[in-house]
Structure formats: structure tokens, C-alpha cells
Amino acid sequence: MTSTVPRVPPNDGDVVRFPFSAVVGHDDLRLALLLNAVHPGVGGVLVRGEKGTAKSTAVRALAALLPAVTVVPDCRFSCDPAAPDPRCPDGPHQGPRGVCDDRADPEVRRRDGLALLPPPGVHARPARLVELPVGATEDRLVGSLDLERALAHGVRAYQPGLLAEAHRGVLYVDEVNLLHDHLVDLLLDAAAMGRAHVERDGVSVSHAASFLLVGTMNPEEGELRPQLLDRFGLTVDVRASRDVETRVEVVRRRMAFEADPAAFVAAFAEAEGDTARRIADARVRLGSVVLPDTELRRIAAVCAAFDVDGMRADLVIARAAAAHAAWRGADAVAQEDVRAAARLALPHRRRRDPFDQPGMDEQALDEALDGADPEPEPDGPDPDGGQPDGPDPDGPGGGAPEPGSDGADGADGAVDGAKAASGKSDLANAAFARSPDDARPAGDGSTSAAPPASTPFRARRLEVPGVGEGAPGRRSRARTDTGRIVRPTHGTPRRAAELHLAATVAAAAPHQRLRGRAGSGLLLDRGDLRRAEREGREGNLVLFAVDASGSMAARKRMSAVSGAVLSLLRDAYQRRDKVGLLTFRGTGAEVVLPPTSSVPIAQARLATLRTGGRTPLADGLLRARRLLAAERLRDPRRRALLVVLTDGRATVAARPGNDPVRDACRAAELLAADGIATVVVDCEAGPVRLGLAAGLAAAAGASLIALADLSADRVAGVVRAARAA
């Protein structure tokens with residue numbers, strides 16, 4: 001039967017895709033994709049996993065299993081003839097004609113096995129797989145003004161984007177974590193509402209945009225913000241199997257596919273056809289699936305038990321559970337459907353902090369599911385007048401504490417918990433506290449693990465001076481494709497959004513009579529075109545150089561420094577920066593983490609720092625200089641910000657016999673000569689201060705900030721006090 005043969009989206013030409021049914025393992029990934037195929041309202045799938053785990057292969061294979069879509073001929077927005085969009089820019093459309101027999105009824109079609117075939121009298125095409133590249137612009141995603149028609153004919157015409165092309169199909173974003181945040185917001189808004197609204201370039205358009213959204217990412221290359229994670233309906237973590245037989249089967253199937261793609265696809269044609277029929281049948285059955293109140297209460301109880309923010313999780317689980325029930329052929333949602341949906345919908349919504357790892361305790365989930373069952377009625381009193389069966393109030397588990405228990409520990413724990421819950425940082429106390437360890441000679445060669453970091457705080461924004469042209473972000477000023485327009489410039493716009501319309505019209509207006517203008521159109525010359533120069537924010541490379549020597553190893557001081565670095569890392573995560581981490585102690589400097597977009601990895605490396613030994617400050621600065629020079633060659637547009645956390649007490653010279661402090665200042669001067677933006681965080685504490693960090697900052701042309709002044713709340717308090725004075 002030709003309708004069961006896997007189909008290839010039209011934009012793929014004759015490319016043969018690896019069959020969905022041939023993917024080995026990855027049960028959760030396949031289930032999440034299938035649930036969204038049954039019910040696109042689930043909200044899409046985010047697939048997280050290491051490289052080489054068939055993430056993209058499974059997604060691209062799914063499109064071939066989706067039922068064909070019936071469309072209005074020549075409609076650029078793929079309207080359904082049975083229910084055309086009344087606000088379609090290409091409308092209005094009429095309903096289907098010539099469909100007058102029982103075969104047009106969905107229930108009859110499912111009963112007769114015709115669900116995969118289009119209704120008679122309408123045009124059908126395969127569901128599309130539309131890929132959104134990482135470098136896509138906002139114009140390409142949502143559409144824009146048709147610049148050629150606007151300038152040549154004076155007509156405001158809308159050119160549809162990828163959202164319109166993906167309507168009623170699959171929109172796939174590979175490396176979604178590398179996509180700019182504002183594009184991810186637009187994408188997820190359209191996926192949630194099922195419509196795309198365009199208000200730009202003098203065009204006001206609204207069109208349907210209902211699609212199965214799938215994003216894949218490698219967490220090692222950077223994380224999505226928790227706010228964006230929550231917008232994805234389901235999330236799956238994919239890892240390569242460590243089972244030998246499974247790995248052997250993966251290699252065997254892949255090699256067979258590469259040797260003869262057509263024969264391999266044919267071998268799985270029957271399995272693909274069965275899966276495609278199940279998807280089509282489940283879509284038809286979905287509307288009649290019942291969600292009982294008991295299961296609805298179970299969903300609400302599970303979300304409450306896991307302390308999930310908002311109501312999106314409840315809605316997603318309800319939709320996914322209904323899709324799961326339809327997939328297995330049931331007429332009502334049961335506990336097994338709720339469990340399957342919760343396993344995929346809750347793990348990424350439990351993150352309270354950017355550094356929290358997604359995950360879920362399966363036992364806790366089962367307890368929450370079972371705990372939602374109605375409690376049985378309690379037994380009545382014993383006929384003999386005794387108490388019902390149960391534990392003795394004064395026995396084990398009763399109200400009295402057990403012998404030997406210490407109530408004071410519980411009180412101390414409550415106090416500590418209150419401090420943690422308050423969110424107030426002990427940074428100032430830790431930075432200026434002085435312990436007996438501070439008197440230890442700087443040359444002490446002993447090393448130890450760094451103490452736990454103090455409570456993180458909201459860090460003030462550190463910027464690179466000037467205006468850059470780097471990757472979009474939220475730290476330093478930059479010329480970008482988005483952002484506010486600051487001025488018009490000469491040049492030919494590459495796209496509609498770059499055209500400064502007012503300046504272009506003003507440049508062309510004085511020449512209309514000489515050019516013989518007679519109609520309503522504007523006669524333009526290439527020299528009239530003006531580009532809009534926009535200014536926004538960029539992400540930077542933030543390199544942390546941390547002094548981990550003996551002079552910094554006092555427990556409270558190093559705890560404060562670790563807390564400061566952790567706070568700055570959190571800030572870098574939110575501003576979409578790349579980060580690197582190096583430490584210097586003993587006889588030299590060590591790159592703990594080469595520059596990466598994965599800030600959580602930097603946080604994990606910070607937790608394993610060793611401290612103690614002498615202070616090779618000059619070597620640390622020179623090592624940072626070499627590292628930044630290499631990164632400048634690799635990514636010349638991304639500007640760097642060097643953050644040095646030290647007390648300035650250098651004890652190891654760059655060369656034997658030199659003055660360590662003087663060598664450190666010379667290294668700082670080299671940083672200034674290279675134009676490296678530097679911030680020196682003075683970590684010196686105690687009543688006696690040498691002020692060496694200030695000299696280092698002066699040599700580097702850097703800003704000097706006291707450790708306690710890194711908190712944005714503290715700075716804001718000083719400003720408020722000054723204004724009130």
C-alpha cells in the first residue's frame with residue numbers, strides 16, 4: 001500500500017532518511033516525539049544529550065511518519081480546506097467541494113483504514129520538516145516586508161517566514177541553545193499560541209502556526225535559561241548506551257543503511273507503516289479520550305508535590321497523558337498515562353537555579369502518584385471501647401523524642417535554614433573577617449581543598465568599554481542586527497529590517513522630479529539607500545583568574561572569593577557569555593577550564609579548586625594573556641573581559657631574582673598594551689592593608705572593585721543613600 005511507505009518532505013528532494021523504527025534504544029526520546037505527533041498541543045520536545053546519540057536522526061525520521069496534510073491550493077500558509085483560517089493573509093478560503101459521501105467523516109475513515117489517505121476532492125501533500133538554522137534572522141523566522149515590491153510598486157506585501165512554512169508540520173531547531181534568546185522567545189510564543197503575530201516594517205499580519213516543535217542541544221555547549229526550558233512541553237536526556245550488544249546493533253544498522261539505503265528502508269517499511277497508522281488512528285481517537293477527575297487531581301497533586309512553578313506543567317501533563325492514552329488505544333486516561341507524561345514533563349521544570357541539573361527521582365514520582373489516591377475511610381472505634389489499631393502515641397514514632405536525641409541540633413539547623421532561605425549574603429562579613437590562618441606566612445607550601453562558597457548574590461554588571469560587534473548577549477554595548485536604531489548610514493540593506501525607511505525616502509525625495517516620477521511609486525537610486533545602524537548588547541568571553549595561594553587560603557576569605565566567582569558565573573550565564581577559569585598558586589598558573597559556553601561546568605570545576613602555596617601573580621597574568629590571544633584568533637569578534645580576584649601579594653617572580661610585585665605590574669602593563677579589558681577585584685582583608693591590588697589595577701588600566709562591592713544590591717544601597725543625603 002503506497003500510503004504506508006515512508007515519505008520524504010518536499011524540500012529534501014530525493015534524500016533517503018534513516019527509518020524511525022530502526023533507531024535502537026532511546027525509548028523516552030521516541031515516546032516524546034510520538035506523543036507530540038499525536039497531540040502537537042503538548043508543546044514540543046527538547047532533546048538534550050551528548051554528541052553522536054542519534055538526536056537529529058530520530059527527529060528527521062519522524063516527519064516521514066506524519067499523516068499527509070490537506071491544504072488549500074496556492075495558499076502560502078497551508079490552510080486546511082475543512083477549516084480554513086479566517087484571518088489567513090491569502091484568504092478568505094472556501095471549504096472543500098465535492099466531499100459529499102461518508103468517506104469524509106473521520107470516524108468512518110478510521111474504521112475503514114483510510115486515516116492515512118486524504119479525503120476525496122482535496123489536495124494533499126506530505127507533512128513538512130522545516131529546519132531553523134542557528135544563524136537565522138528574525139526576518140527569516142517570522143517573515144518581513146517584501147522589500148522589492150514595496151520599493152518598486154509601492155505595495156506593502158508580506159513575505160512569509162519559516163513559521164508559516166512549518167504550519168501543520170515539524171519545525172526542527174538543531175543546537176537550540178545556541179540560538180539567540182529573542183528568537184527562541186518568538187519561536188516558543190508561536191508554538192504555545194498556535195499563531196504568529198507580525199507587527200513590523202509597516203506590516204500587520206497574523207497567521208496560523210501550529211507545528212510540532214523539536215529542539216536538540218548538547219549541554220556541553222551551553223544551557224538554555226530555565227525560563228525557556230519551561231516553555232518546552234517535554235524534555236528528554238539522551239545518552240549513548242554502555243551495553244556492548246546495543247552498541248554493536250547501532251553500528252550494524254548504521255553500516256547497513258550506508259551500504260544500501262533503499263534496501264535498508266524497505267526492510268523497515270512494514271514497521272514504519274504500522275507506526276504511521278498508529279499515529280493517524282491516535283489523532284482521530286484523541287478527541288474522544290476522557291480525562292477523569294481522579295486523574296486530573298493526580299496530575300495536580302504530582303505538580304504540587306514537586307513544587308513546580310506556574311500551571312504550564314499541569315496542562316502539559318494533562319495533554320501528554322491524553323495523547324498517551326490515545327496512543328495505546330484507550331478511551332480514558334489512567335495512572336500509567338499520567339506517570340509516562342510526568343516523567344517527560346517535570347524533570348526540567350524542577351530547576352530553581354541556573355546551575356541545578358535537570359532530573360527526577362523515580363521513587364519520589366511513584367510516591368506522589370500513589371499519594372494522590374483517595375484515602376480509605378478510617379475504621380470505627382473498637383466495640384470493646386478500646387482505641388483503633390495504630391501506634392502507641394508514646395511509643396516509637398510518637399510525640400516524645402527518643403532517648404539520646406539532641407533537640408539543639410534541630411534548632412541550629414532551623415537557624416541555618418532560615419539564613420539560607422533569606423537569600424542574604426554573608427559576603428561582607430566573610431570578606432572582612434580575619435582568622436588566625438591569615439597570619440600564616442605566604443610561603444607555606446601546604447595545600448587543601450577550597451572551602452564551600454559563601455551564599456551567592458546578585459552581581460553587578462561588569463562591561464567591556466566601547467562598542468563591539470560580537471555574538472548577541474546581554475553584557476556590553478555592541479552593533480547588532482536587533483536592538484534600537486541609533487543612526488542611519490550609507491549602504492545597501494541586506495534585508496528589510498536593515499532599511500532605514502525615513503532616511504531613504506528623505507534622500508530620494510529631492511530627486512523625484514529630475515528622475516521623471518509620474519506615478520505613485522518612489523523612484524530610487526542605489527545611492528539613496530540608507531541602512532539602520534542598531535545598537536544592542538553582546539556576549540563576551542569572561543575569563544576568571546583566581547588567586548588560590550596561601551595568602552588567600554584563609555577559610556572565610558576563600559569562601560567569600562568562591563561565592564563571588566559563583567555569583568559572577570551566574571551573571572555570565574544570564575548574559576550569554578563564554579567563560580574560562582584559571583588559578584595561580586604554588587609555582588605557576590593552571591587553566592582549570594578552557595573557554596566554554598557551559599557555565600555549569602565552570603561552576604563544577606570551581607567546587608574542586610585546591611588552595612595554598614606561594615603567589616605566582618605574574619605567571620597567572622601572563623598565562624591569561626596567552627589564553628586570550630589564542631581565543632582572539634579563534635573568535636575575533638567576541639571581546640574579552642578579564643576578571644582578576646587577588647589581594648595583590650605576589651611572592652613568586654616571573655624570573656629568578658626579580659621583584660615579584662614589580663613583575664606582576666609589568667605583566668599587567670602587557671595586558672593594557674594588548675587592549676584587554678580588565679577588572680581587578682581586591683580581596684585584601686583585615687585592618688592592615690598593603691593596597692597592592694590598587695597598584696596592579698593602575699598598571700593594567702583596569703577598574704578596581706572591592707570584593708564586598710561586587711553585590712549589585714550593595715551598590716544600589718550606596719546610591720540610594722547618596723541620593724537621600
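Me: Is F264 buried or exposed?

Reply: Buried means under 20% relative accessible area, exposed over 50%, and partly exposed in between, with a 1.4 Å probe and protein chains only. F264 has a relative accessible area of 8%, so it is buried. The model is predicted: local features need pLDDT of at least 70, side-chain atom pairs count only at pLDDT 80 or more, and totals for chains, interfaces and linings use all residues. Residues are numbered from 1 along each chain as its sequence is written, and side-chain values use heavy atoms, with hydrogens and water left out.

Me: How many aromatic pairs does a search of the whole structure find?

Reply: Rings of Phe, Tyr and Trp (its six-membered ring) pair if their centres lie within 6.5 Å; planes under 30 degrees apart count as stacked, over 60 as edge-to-face and the rest as tilted. The search of the whole structure finds four such pairs. One of them joins F18 and F257 edge-to-face, at 5.2 Å centre to centre with 70° between the planes.

Me: Which parts does the pair of F18 and F257 tie together?

Reply: Helices (H or I, at least four residues) are DSSP runs, numbered from the N terminus. F18 lies in the segment before α1 (27–38) and F257 in helix α9 (residues 244–259), so the pair ties together parts 239 residues apart in sequence. F18 counts as buried at 10% relative accessibility, and F257 does at 8%.

Me: What is the geometry of the pair formed by F264 and F268?

Reply: That pair is tilted, with 5.0 Å centre to centre and 45° between the planes. F268 is buried, with a relative accessible area of 17%. F18, F257, F264 and F268 form one aromatic cluster.

Conventions
Helix = DSSP H or I, 4+ residues; strand = E, 2+ residues; numbered from the N terminus.
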